[in-house]
Amino acid sequence: MDTLTVRASTRVGRRSAALVAAVAACAAGPLLLVSPGVAPGAAAATSVAATGDLGRELVLDLDTAVAGGEGTRVPTAGTSPTTAEVRTNADAVVRVVRHEGAGRALRLPSFAAGADATTVPVALVAVTSTGSPDLDPGASDFVLGASVRLDATSTGTRVDNGDNVVQRGTFDAASQMKLQVDGRTPSCRVKGAEGAVTVFADTRLRADRWFDLTCRRTGATVTLVRERVLADGTVARRSWSRNGPIGSLSGLAPGVPLTVGGKTDPTGAPLSASADPMNGSIDDVYLDVLD
């Protein structure tokens, strides 16, 4: 496992950072590239997971999202035709909150200490393909990313013992790509026809702070990246990698949704027995298949 810490010395703006982050992700080495972009007097960006038009298959920038419960539509963008809507358990709802320097974000339900499978509040976003290309990366390399801000309490019961950030496929499914946080420790898992590779960070996320998380598959290598924009506009970046056989991720039916903030069964119904919903805010979700 490889661990690296890089701190950039120049400031980044939200939209310009998207292109920079994409270039950095494709670079052969672990160098972080940043670009000037914070105008005088402007609030420093708090996200580098910006969502410009970079040919990504899926983009949820959430700047035009609205609050609501079951069935609330969530705007999507990207090269893959998709629809997205809120799916819930226990009549939970999503709210819209400010993401300073990065527009707006979705606020997901808070942790409920006394909840069981019937009452655990789950409000996730289910994204479904409606045409071609779909959200199946197959054997291609890809990057799955999101910006997250966890609550001070986000785990502690049998039905809510982690924070599912974004995923497609469940643990036992034929394939899976997943970003999650367990006990404040980020991880990503990629499972294909030949095996599964899971990468864990060796550091925990602090509560009530924005972090950008990405999971990148490059052949047989899976890399987890954690980034945070500091108060002065510089970017602190750490990455961890692990190798192993993966194969193609084409083991899921086309209708299996990609989910944000929780997990569902193949039909899109929230799983409540081991829901592990994310408790906090989420923004700038994307999937980029690197053909």
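The protein chain exposes about 11500 Å², of which carbon and sulfur atoms supply 52%, the accessible areas coming from the Shrake-Rupley method with a 1.4 Å probe, and with only the protein chains shown counting as cover for residues. This is a predicted model, in which local features need pLDDT of at least 70 and side-chain atom pairs count only at pLDDT 80 or more, whereas totals for chains, interfaces and linings use all residues. Residues are numbered from 1 along each chain as its sequence is written, and side-chain values use heavy atoms, with hydrogens and water left out.

Let me turn to the interior. Of the 291 residues in the protein chain, 54% are buried, where buried means under 20% relative accessible area, exposed over 50%, and partly exposed in between, with a 1.4 Å probe and protein chains only. The largest nonpolar core has 46 residues, and Leu258, Ile282 and Leu287 touch the most other members; such a core is a set of buried Ala, Val, Leu, Ile, Met, Phe, Trp, Tyr and Cys residues joined through side-chain atoms within 4.5 Å. Strand β7 (residues 141-150) gives this core its largest share, five residues. Apart from it lies another core, of seven residues, including Ala115, Val120, Ala126 and Ala275.

Now the strands. The secondary structure comes to one helix and 16 strands, taken as DSSP runs numbered from the N terminus (helices are H or I, at least four residues; strands are E, at least two). In strand β3 (residues 82-89), six of the eight residues are buried. Eight bridges join β3 to strand β6 (residues 122-129), and the two run antiparallel; strands pair if DSSP finds at least two bridges between them. Within this pairing, alanine 84 has valine 127 of β6 as its bridge partner.

What of the backbone in the loops? Most residues other than glycine have a negative phi, and most peptide bonds are trans. In the loop between β3 and β4 (95-98) lies alanine 90, which has a positive phi of about 60° although it is not a glycine. Aspartate 91 is placed in the loop between β3 and β4 as well, and its phi is near 60°, again a positive value in a residue other than glycine. Alanine 90 counts as partly exposed because its relative accessibility is 39%, while aspartate 91 counts as exposed because its value is 74%. Finally, the peptide bond from serine 132 to proline 133 is cis, with omega near 0°, and proline 133 has its place in the loop between β6 and β7.
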